[in-house]
Amino acid sequence: MALTEQSHWIGVDLGGTKILAGVFDANLKLLGTAKVSTRAERGLDAVLERIERAVREALETTGIQLTQVRSIGIGAPGAVDADRSTVVFAPNLPGWRNVPLGRRLSRALNRPVFVGNDANVCTLGVHEVELRARPRHLVGVFVGTGIGGGLIFNGELYEGASHTAAEIGHMVLEVNGPKCGCGNRGCWEALASRTAIYRRIREAVAAGEKTVLTEWLGTDLEDLRSNELRKAWQQGDKLVRRILLQTADYLGLGIASLVNLLNPEMVVLGGGLIQALQSELMPRIAETARSRIMPGSERALTLMATNLGDDAGITGAAVLARRALETRGNPTGKQSRS
């Protein structure tokens with residue numbers, strides 16, 4: 001097969017609980033996906049095997065051969081050295097320190113593999129594919145288990161001096177606030193992530209407050225997910241509505257701080273929480289944010305939720321695969337084989 005026939009890209013979204021892989025054509029149109037559980041507790045080698053499995057299963061859904069893939073991009077959680085495609089530290093993946101993820105998967109799949117931070121990668125996908133690279137200055141905010149972010153300055157992803165820029169979830173909003181997974185107190189994600197919502201609901205239930213969630217899931221709320229929060233909201237659950245509106249206010253406050261600092265044209269929100277509760281949360285988030293933004297900045301600002309949903313990560317990873325191959329070349333040092 002000639003190199004010119006290699007016109008496909010693969011994007012992989014590596015998370016602490018699931019791995020999603022997608023196959024994209026030359027125009028970054030999604031052709032097929034596959035999802036597997038991460039099983040991080042089984043160790044590094046097992047996770048690498050599961051990433052490879054997700055890639056191959058995604059290809060099977062499309063009929064595309066691996067030899068038709070030019071390169072593979074991966075969005076990984078935690079601190080990532082993008083130049084070396086190495087995961088420096090991933091708190092949700094036990095034992096992941098200085099893992100040469102790109103090199104190891106390149107050997108296993110015989111394709112160039114590039115790795116970036118998952119929130120940066122999501123921002124790339126939204127900017128280039130959904131928004132057609134129109135905003136020159138954009139902030140991505142992704143709300144799920146934590147809060148991740150990405151920054152586009154002058155049309156390019158900004159990663160900072162050591163590739164750790166946009167850890168916006170660890171901006172401190174309350175000095176004596178709740179403990180965050182990073183070890184600090186009062187971080188944005190300790191106040192406004194899905195984890196923070198679950199914590200507040202459990203504390204309220206333990207204090208004797210009532211919610212339909214305990215009727216559905218039991219008092220331990222072990223299987224609580226964003227979809228249950230949406231259903232409880234729709235049923236008029238007072239506890240859930242109060243906590244979700246408080247969360248929306250915290251999200252608006254953090255966004256206002258980012259806008260006051262960076263003056264972007266656009267702030268795009270995504271992640272599982274926003275996907276499940278967009279219509280419930282976005283009006284309150286926008287109202288709170290605009291009430292705290294310095295006069296002048298809000299006139300040029302668009303605040304929106306991404307339409308890519310769960311596919312933002314794999315879409316951005318495919319963008320990374322294409323961009324990195326063009327700028328860095330084949331990290332395996334081998335010629336592509338048919």
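**View 1. The largest nonpolar core of the predicted model.** This core, a set of buried Ala, Val, Leu, Ile, Met, Phe, Trp, Tyr and Cys residues joined through side-chain atoms within 4.5 Å, has 47 residues, and V141, L229 and I285 have the most contacts inside it. Buried denotes under 20% relative accessible area (1.4 Å probe, protein chains only). Helix 8 (residues 238–262) gives the most to this core, namely 11 residues. Helices (H or I, at least four residues) and strands (E, at least two) are DSSP runs numbered from the N terminus. The model is predicted: local features need pLDDT of at least 70, side-chain atom pairs count only at pLDDT 80 or more, and totals for chains, interfaces and linings use all residues. Residues are numbered from 1 along each chain as its sequence is written, and side-chain values use heavy atoms, with hydrogens and water left out.

View 2. T211 is located in the loop between helix 5 (194–206) and helix 6 (212–217). With a relative accessible area of 6%, T211 is buried. Contacts (heavy atoms within 4.5 Å) link T211 to V205, D237, L239 and V240, not counting residues up to four places away in sequence.

View 3. Strand 10 (residues 147–153) runs antiparallel to strand 11, and three bridges join them. F153 has E156 of strand 11 as its bridge partner.

Key
Buried means under 20% relative accessible area, exposed over 50%, partly exposed in between (1.4 Å probe, protein chains only). Two strands pair if DSSP finds at least two bridges between them.
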